[in-house]
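Please have the model open while reading.

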Amino acid sequence: MLKLWPLAALSLLLAGCGGNTSPTNVKSPGLPTSSSLQLLESGAEVMQSRPPIEAISAYLDGFHFYNGDQNGQMEAHHYVTVLNEDVMQAVIYDGNTRDAKLMGVEYIISERLYKRLPPEEKKLWHSHQYEVKSGSLIAPGLPATADHALMSRIANTYGKTWHTWHTDRDKTLPLGIPALMMGFTADGQLDQRLLNERDQRFGVDTKKIRAERADIVTHPVVPGANAWQQGEVIQLKRVAGGGEHAHGETHFAPAEQLKKP
């Protein structure tokens with residue numbers, strides 16, 4: 001997806017850029033890490049490979065809000081892997097330091113794939129046009145040319161985001177059930193204080209970034225995305241049984257994954 005900026009070069013640029021500026025605000029209970037566990041961690045780090053983690057090639061910083069609760073806004077640090085020309089995936093943290101808390105995941109797909117989704121599925125996704133053009137979504141540490149190339153690729157994509165740890169509210173442990181998150185679509189929605197604090201921490205100017213991206217071409221949002229704007233608010237609810245995922249047996253049986261088509 002990032003043909004305009006070779007992934008290898010992008011990975012090298014990102015290796016030392018944009019980190020250790022945003023500490024986590026969550027303090028989890030627990031004893032200090034023991035020397036034996038530290039030793040195991042160090043040994044594993046040296047001896048084991050981590051291909052999915054090593055495939056992460058981009059760092060994006062932006063903002064989300066709870067679908068159905070626009071006042072529930074938070075900064076989200078995305079570490080992105082490009083899977084192919086049409087699909088990316090991101091792990092999301094509440095900061096960019098070593099002890100940052102894993103907050104959720106986002107799946108990012110091209111406009112071409114989004115248009116193929118069933119109507120009910122479309123409601124779970126949000127557009128990225130405004131986030132890119134407004135400058136609220138940034139790629140910390142990237143030079144202007146690389147930033148422009150990356151954001152040109154992201155501008156017309158769509159994201160489905162689930163937060164599993166509501167770090168703005170749960171300051172100790174991940175409580176409750178996952179929440180569907182949305183992205184901002186117009187000026188005046190994002191709390192300006194959040195944006196100002198982010199800009200100061202990273203040493204960036206959102207207004208300047210917005211101007212630099214003025215020539216990025218965006219398409220009209222495909223109908224179905226940002227469904228909250230039409231009053232279609234969706235969140236998970238605790239239900240008895242397997243819910244919409246209960247396609248198999250209710251007891252242990254041969255794995256469904258192994259069934260022949």
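## The second largest pocket

The second largest pocket holds about 520 Å³ of space. A pocket here is an open set of points on a 1 Å grid over the protein atoms alone, with protein on both sides within 12 Å along at least five of seven lines. Grid points are joined across faces, edges and corners, and a volume is the space filled by probe spheres set on the points. Lining residues have an atom within 4 Å of a point. There are 14 residues in this lining, and the closest to the pocket centre are Leu-124, Trp-162, Leu-236, Glu-244 and His-245.

H5 and E6 are the elements that give two or more residues to the lining. Helices (H or I, at least four residues) and strands (E, at least two) are DSSP runs, numbered from the N terminus. By class, the lining has 5 nonpolar, 4 polar and 5 charged residues. Ala, Val, Leu, Ile, Met, Phe, Trp, Tyr, Cys and Pro count as nonpolar, Asp, Glu, Lys and Arg as charged, and the others, Gly among them, as polar.

## Basis of the values

The model is predicted: local features need pLDDT of at least 70, side-chain atom pairs count only at pLDDT 80 or more, and totals for chains, interfaces and linings use all residues. Residues are numbered from 1 along each chain as its sequence is written, and side-chain values use heavy atoms, with hydrogens and water left out.

## The cavity

A search of the whole structure finds 1 cavity of 30 Å³ or more. A cavity is a set of grid points where a 1.4 Å probe fits but cannot get out. About 70 Å³ of space lies in the largest cavity. Its lining is made of Leu-60, His-64, His-78, Glu-106, Ile-108, His-126, His-128, Glu-131, Leu-137 and Ile-154. Strand E1 (58–66) and strand E4 (102–109) are the elements that give two or more residues to this lining. By class, the lining residues divide into 4 nonpolar, 4 polar and 2 charged.

## Salt bridges

The count comes to 14 salt bridges. Each is a side-chain nitrogen of Lys or Arg within 4 Å of a carboxyl oxygen of Asp or Glu. Arg-198 pairs with Asp-61, the closest N and O atoms being 2.8 Å apart. Arg-198 lies in helix H8 (residues 192–202) and Asp-61 in strand E1, so the pair ties together parts that are 137 residues apart in sequence. Arg-198 has a relative accessibility of 0%. Arg-198 also meets Asp-199 in a salt bridge (3.0 Å, N to O). Asp-199 is buried at 10%.

Glu-121 and Lys-160 form another salt bridge (2.8 Å, N to O). Glu-121 lies in helix H5 (residues 119–122) and Lys-160 in strand E6 (residues 158–163), so this pair ties together parts that are 39 residues apart in sequence. Glu-121 is partly exposed at 22%. Lys-160 is buried at 16%.

Helix H7 (residues 144–154) has Ala-146, Asp-147, Ala-149, Leu-150, Met-151 and Ile-154 buried. The cover over these residues includes E1, strand E3 (87–93) and helix H6 (129–134). Ile-154 also belongs to the lining of the largest cavity.

Asn-226 sits in the segment after helix H9 (206–212). Its phi is near 50°, a positive value in a residue other than glycine. Asn-226 is buried, with a relative accessible area of 2%.

Definitions and conventions:
Buried < 20%, exposed > 50% of the residue type's maximum accessible area, 1.4 Å probe, protein only. Contact = heavy atoms within 4.5 Å.
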